Amino acid sequence: SKREIKMRKLDSTKVRPLKSEQLLHIEDHDFALRPGFGGSPIPVGIDVQVESIDSISEVDMDFTMTLYLRHYWKDERLSFRSNKNKSMTFDGRLIKKIWVPDVFFVHSKRSFIHDTTVENIMLRVYPDGNVLFSLRITVSAMCFMDFSRFPLDTQNCSLELESYAYNEDDLMLYWKHGNKSLSTDEHISLSQFFIEEFSASSGLAFYSSTGWYNRLFINFALRRHIFFFVLQSYFPAMLMVMLSWVSFWIDRRAVPARVSLGITTVLTMSTIMTGVSASMPQVSYIKAVDVYLWISFLFVFLSVIEYAAVNYLTTIEERKQLKRRGKASGMYSMDAVQAMAFDGCFHDTDVDMDLTPFPDHPCEENETRTSQTNISNADTSRLKRKKSLKGSVGRIILQNNHVIDTYSRIIFPSVYIVFNFFYWGLYM
């Protein structure tokens with residue numbers, strides 16, 4: 001209809017019915033050469049809009065970013081006549097027939113131009129020959145990370161743009177609008193990082209074979225979320241260290257209880273350390289989390305060594321007491337606490353035991369002897385002593401603790417608290 005024809009004429013951003021090659025005189029020029037070949041370098045302005053930061057990988061030391069990359073330059077060979085001074089917009093089919101800047105990403109591992117539903121490429125040509133070339137790209141590039149403060153670290157990464165073929169004598173890359181050339185989506189967020197800042201900068205890169213090249217930098221700082229690692233690493237390590245201190249409050253003659261507790265906490269700390277190391281790159285230096293976990297492991301290990309010392313000194317002390325209380329017949333009289341060091345069972349404090357003929361099951365033999373006794377007075381006094389023992393378990397445990405346990409209850413928590421203050425003050 002006439003109305004549709006009129007609307008097409010007014011819409012000057014669409015390609016006219018004429019062929020683009022004829023309209024832009026593409027066949028009349030050699031676009032294999034840059035604009036102004038043989039003269040001063042052609043300035044190419046760049047601006048970038050970051051759509052998203054898709055992932056940060058500590059293991060691979062890289063990041064993945066999706067962005068809109070726009071180029072601005074002037075090519076008088078593409079100028080055309082226009083009564084209304086309107087630009088013309090083309091898709092990616094014209095790109096292969098004209099000259100475009102050969103910008104690439106330095107330290108890029110892989111990248112691609114989005115092609116759904118068609119290639120995300122736009123070319124806009126103005127009557128005076130100014131050109132806007134826009135791409136939507138996802139790129140994965142290296143980020144040289146320092147994990148010495150992990151997970152209390154801040155990583156500084158950069159995406160670098162540079163011309164591959166044209167050095168500074170032929171092409172001059174620059175930020176089109178200075179610091180405002182880099183814009184970001186307000187909703188950019190990452191699961192493990194806070195994005196602290198985005199900034200644009202420029203510099204020069206030298207290659208011994210080809211000379212100096214203009215290079216543009218997209219810099220951004222990432223500060224790691226600490227709460228996840230507090231829940232997964234720091235808090236469990238704290239609990240294991242505090243759990244190892246329970247050993248200091250258990251009777252020093254309860255060998256199975258204290259040894260089992262020590263081994264359990266040591267193995268649990270080893271599991272925590274292995275889990276953290278499995279998700280990290282195998283770096284040759286010590287990370288902050290390694291310092292904390294290894295110190296925590298040392299506290300747990302020392303609690304086991306502490307009981308080994310307590311048990312050894314207790315054994316020596318009881319042997320000396322037995323020698324002093326020895327009888328000429330070679331029989332030794334022991335109270336209930338001393339006897340427990342040998343057979344692991346509680347005994348009445350007034351009952352003498354024979355050390356020489358220890359049976360394989362001393363607890364059962366004591367019960368058999370008790371059941372076979374015919375003295376009613378002894379049975380009555382035994383029951384009374386058992387009731388009094390149950391009522392004063394706490395007092396007996398405190399009296400039977402070694403002096404090393406007493407000091408350990410104070411020294412271990414105090415030193416660990418000081419370590420935590422020093423650690424968090426140093427790395428935070």
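Thr-138 is buried, with a relative accessible area of 7%, where buried denotes under 20% relative accessible area, exposed over 50%, and partly exposed the range in between (1.4 Å probe, protein chains only). In this predicted model, Thr-138 is located in strand E7, strands being DSSP runs of E of at least two residues and helices DSSP runs of H or I of at least four, numbered from the N terminus. The side chain of Thr-138 takes part in a polar contact of 2.6 Å with the side chain of His-114 and in another, of 2.9 Å, with the side chain of Thr-66. A polar contact is a pair of N or O atoms within 3.5 Å; within protein, one atom must be able to donate a hydrogen and the other to accept it, and residues adjacent in sequence count only if both atoms are side-chain atoms. When residues up to four places away in sequence are not counted, the residues touched by Thr-138 are Asp-54, Thr-64, Met-65, Thr-66, Arg-110, Ser-111, Phe-112 and His-114, a contact being defined by heavy atoms within 4.5 Å.

Residues are numbered from 1 along each chain as its sequence is written, and side-chain values use heavy atoms, with hydrogens and water left out. Because the model is predicted, local features need pLDDT of at least 70 and side-chain atom pairs count only at pLDDT 80 or more, whereas totals for chains, interfaces and linings use all residues.

The protein chain contains 10 helices and 12 strands. Of its 428 residues, 39% are buried. Among contacts with a separation of 6 or more, 74% are made by residues 24 or more positions apart. The mean pLDDT (the predictor's confidence in each residue, from 0 to 100) is 81 for the protein chain, with 77% of residues reaching 70 or more. Confidence is highest in strand E7 (residues 130-142), at a mean of 96, and lowest in helix H6 (residues 336-343), at 48. Over residues 340-364 pLDDT stays under 50, and the model has 48 contacts beyond four places in sequence for these residues.

The largest nonpolar core has 80 residues, of which Leu-24, Ile-46, Val-48, Phe-63, Leu-123 and Leu-159 touch the most other members. Such a core is a set of buried Ala, Val, Leu, Ile, Met, Phe, Trp, Tyr and Cys residues joined through side-chain atoms within 4.5 Å. The core lies between domain 1 (42-224) and domain 2 (229-323 + 417-427), because both give residues to it; the domain bounds come from an automatic or database domain assignment. Phe-63, one of the core residues named above, touches Ser-55, Ile-56, Val-139, Ser-140, Ala-141, Met-142, Cys-143, Cys-157, Ser-158, Leu-159 and Phe-220, residues up to four places away in sequence not being counted.

Two aspartates were examined in relation to Arg-77. Asp-75 lies in the loop between strand E2 (62-74) and strand E3 (88-90) and counts as buried, at 1% relative accessibility. Its side chain makes a polar contact of 2.9 Å with the side chain of Arg-77. Beyond its neighbours within four places in sequence, Asp-75 is in contact with Phe-31, Pro-35 and Gly-129. Asp-28, in the loop between helix H2 (20-23) and strand E1 (42-57), is exposed, with a relative accessible area of 57%. Asp-28 and Arg-77 are 49 residues apart in sequence, and their C-alpha atoms are 8.7 Å apart in space.

Backbone geometry was also examined in several loops. A cis peptide bond, with omega about 0°, joins Thr-116 and Thr-117, and Thr-117 lies in the loop between strand E5 (108-113) and strand E6 (121-125). Phe-150 and Pro-151 are likewise joined by a cis peptide bond, with omega about 0°; Pro-151 is found in the loop between E7 and strand E8 (154-163). Met-61, a residue other than glycine, has a positive phi near 55°. Met-61 lies in the loop between E1 and E2 and is partly exposed, with a relative accessible area of 24%. For His-107, also a residue other than glycine, phi is positive and near 60°. His-107 is found in the loop between strand E4 (103-106) and E5, and is partly exposed, at a relative accessible area of 35%.

An unreviewed UniProt entry places the feature "transmembrane region" at residues 226-250, 291-314 and 410-427; UniProt positions are given in the numbering used here, feature names are shortened, and annotations may be inferred rather than shown by experiment. In the model, residues 291-314 are 100% helix and 0% strand, with end C-alpha atoms 34 Å apart. Residues 410-427 are 100% helix and 0% strand, and the end C-alpha atoms of this span lie 26 Å apart.
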